Amino acid sequence: MREIFLDTREFEPPAPMQMVLSELQNMIEGQTYIHQLHRLEPTMLFNRIKPMGIEYIVKKEGDDYHIYYFYPGDKDMVRELCGV
Amino acid sequence: MFKGVSLDQAPPFEAPLLFFLTAPLFAILAGAALTEALFFQQHIAILHLFSLGFMLNIMFGALLQMLPVVIGVKFQNPKRMAWWVYIPLNTGIALFFISLYFDIALYHPAALLLLLSIGSFALLTLYKLFNAPSNTPTLWAFRLSLISLLIALAMGVFLLTTLKNPPEIFGFVLPMHALFAAFGWIALLIIGVSYQVIPMFYVTTEIDRRVQYMVIWLISGALTLLLLALITLMATDENIVVTFILSATFGFILFLLLNFALFVYAVMTLLRLYNRKRSIKEPSLGFWYVGLFAALAASIYPAAMPFNHFSDNIYAVLFGYGFAISIIYGMLYKIIPFLSWFHISSRGFFDMPNMKEMVDERLLYLHLGLHLLSFALLILYPKAAAPFIIAENILFYINIKKAVKIYFEYKAKKSPFEGFSRQ
C-alpha cells in the first residue's frame, strides 16, 4: 500500500483539516492510506470523517501524533504497516 | 467508498451563538451600572454581571459547542436545550442584578431561576461527561469545573436567600463561594479549554500531561480541603472568634496553594506561546498574553502583599477582568470565525472567506487597546473604566459581525453536496 504523508504540525487551523480532507478524495481503497503527523489529536476532524466511512488510528510519539486514515477494509494492513 | 461530506454531524452553531451574543450585553450593562454604583451590594451586583452574565453565558455556549467535537459527548437537541437554559438563566441574572443593585426583594425568584437553569445544565452535562468515551486532562478539568460550579451555586443561593438576615456562618460561606467560583469553576474551565485551543490555534506543543493533571488536582485538592474545613466548622460548636482565626490561617494557606497552581499554569502556557513553532503576530494572541500575565500577577499578589494590605478588589480585577475576561475574548476571536468556517465547510462549501478574512485585525487591535485601558482603570479608578468597558463590548459585536453574517448567508444557500451524501 502507498502512504500519502502529510506533516501538518506547523499549520494553523483550518489548514490541517483542509489538507486531510483534500487528500481523502485521492485515497483509494486497497491502494493508499493517509499518514498525518500533527501536534495534537485533531478531534474536530475525527468527528467530521466518521460519517464518511473513514477510520483512523492514533499513535503518540514524543510531542507528536501520528494519525493514519484508511478505509475499514484496509485496517489490518495499515495496522501492520504502522506497527500498532 | 468515500461518501463526501456529512450534512448532519456538525452541531448547530446557533446554540452557542445565542450565549456568545448575549454575554457582552451584560458587560455593557455592568459598565453602565459602574458609573452610579456607591454601595458594597451594588458592586457585588456588578461583579455578578461579569461572572454570571458574561462568563457563564460564554461558558454554556462553549460547552454546548465543544463537548460534541472535543470530548465526543452529544446533547439530544442542542438548540432546544439552549433555549430551555437560556431563558431562565438570563431572567435569573437580570432579577439577581435588580434585587442587589436597587435593593428590591426579588432574591427568591432570582435564586430559584439560577438554581434551575445552572443546576440542570451542570447536572446533565456532568452526567454526559462521566460517561464520555475517553479520559483527558481537559475532560477532568470540565468535570471538576462543573462540580465546583454546582457547589458555588449552592453557596450562592444560600447567601442570596439569607442576605437580609445573615446567620453566623454567612461570613465563612462568602469567601468559599468566591473561591469555588473563581478557581473551581472559572479557572478550571479556562485551563481545560486552553489545553486544547493553545496547541490547536497557536501551533505550540502541548504542556506535559503530568503538569496538566497536577494543576487540575492541586486546585481541586485545595478546594476540597476548604470545603471539608467549612463542613467541620458547621458541625462543631467552638468559640466563633477562635474558629475564625484558625480558619482564616488555614484558608490563607490553601489560597496560596490555589495561586501556586495558577502560577504554574500561567508560566507553562506563556512558555509554550513564547516558544511556538510559528511566531505569527495577531491580536487574539495579545488577549492571551494580557490574560496570562494578569494570572501571574494575581498568583503572586497574595504572597507578595502583607496580609493586612491585601485588597480583595485588586485581586478580583486581576483575576476576573485581567485573567478570565481577557482570555475569553482571545478565545472567542479564534473560535467564532473558526466555527463559522467549520459549519459552512461541513455543508460542502469551499468558496467562503477564510478565517482571517472574517475579522478586521486593526479593529481587534483597537479592542485590545480598549481592553487594556479598562483593565488598568479598573485597578486605579474603577468608575473611569465604565465608558471603555461599554466601548470594548460594542466593538466586540462589530468585530464578530462579519463571521456571524457569513455563517447565516451560507446557511440560507443550498449545499452543493445535497443529494449526493445521503445516497
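How many aromatic pairs are there over all chains? The count comes to 36. The model is a predicted one.

**Two ring pairs that share Phe310(B)**

A pair of aromatic rings is described by two things: the distance of the centres and the angle of the planes. Take Phe255(B) and Phe310(B). Their centres lie 5.9 Å apart, with 85 degrees between the planes. That pair is edge-to-face. It also links distant parts of the chain, since its two residues are 55 residues apart. Phe255(B) is in helix H8 of chain B. Phe310(B) is in the loop between helix H9 (283–304) and helix H10 (312–346) of chain B.

Phe310(B) also pairs with Tyr301(B). Here the centres are 5.2 Å apart and the planes meet at 40 degrees, so the pair is tilted.

Phe255(B) has 10% relative accessibility, so it counts as buried. Tyr301(B) has 11%, so it is buried too. Phe310(B) has 23% and counts as partly exposed.

These rings belong to a cluster linked by ring pairs. Its members are Phe183(B), Phe252(B), Phe255(B), Tyr301(B), Phe310(B), Tyr315(B), Phe319(B) and Phe323(B).

**Charges over rings**

| Charged residue | Ring residue | Distance from ring centre |
|---|---|---|
| Arg143(B) | Trp140(B) | 4.6 Å |
| Lys413(B) | Tyr410(B) | 4.0 Å |

Which residues make the nonpolar surface patch of about 400 Å²? They are Met214(B), Leu257(B), Phe260(B), Phe263(B) and Ile300(B). Helix H8 of chain B, residues 240–274, gives the most to this patch, with three residues. Phe263(B) lies in that helix.

**Helix H9 of chain B**

H9(B) has 22 residues. From its first C-alpha to its last it reaches 31 Å, close to the 32 Å expected at 1.5 Å a residue. Is this helix enclosed or open? Of its 22 residues, 16 are buried, so H9(B) is largely enclosed by the rest of the structure.

Definitions and conventions:
Residues are numbered from 1 along each chain as its sequence is written. Chains are lettered from A and ligands numbered from 1 in the order in which they are written. This is a predicted model: local features need pLDDT of at least 70, side-chain atom pairs count only at pLDDT 80 or more; totals for chains, interfaces and linings use all residues. Side-chain values use heavy atoms; hydrogens and water are left out. Patches are made of residues with over 30% relative accessible area and no salt bridge: like charges are joined within 9 Å, nonpolar side chains (Val, Leu, Ile, Met, Phe, Trp, Tyr) within 5 Å. Accessible areas come from the Shrake-Rupley method with a 1.4 Å probe; for residues, only the protein chains shown count as cover. A salt bridge is a side-chain nitrogen of Lys or Arg within 4 Å of a carboxyl oxygen of Asp or Glu. Helices (H or I, at least four residues) and strands (E, at least two) are DSSP runs, numbered from the N terminus. Rings of Phe, Tyr and Trp (its six-membered ring) pair if their centres lie within 6.5 Å; planes under 30 degrees apart count as stacked, over 60 as edge-to-face and the rest as tilted. Buried means under 20% relative accessible area, exposed over 50%, partly exposed in between (1.4 Å probe, protein chains only). A charge sits over a ring if NZ of Lys or CZ of Arg is within 6 Å of the ring centre and within 35 degrees of the ring normal. The expected span of a helix is 1.5 Å times one less than its number of residues.
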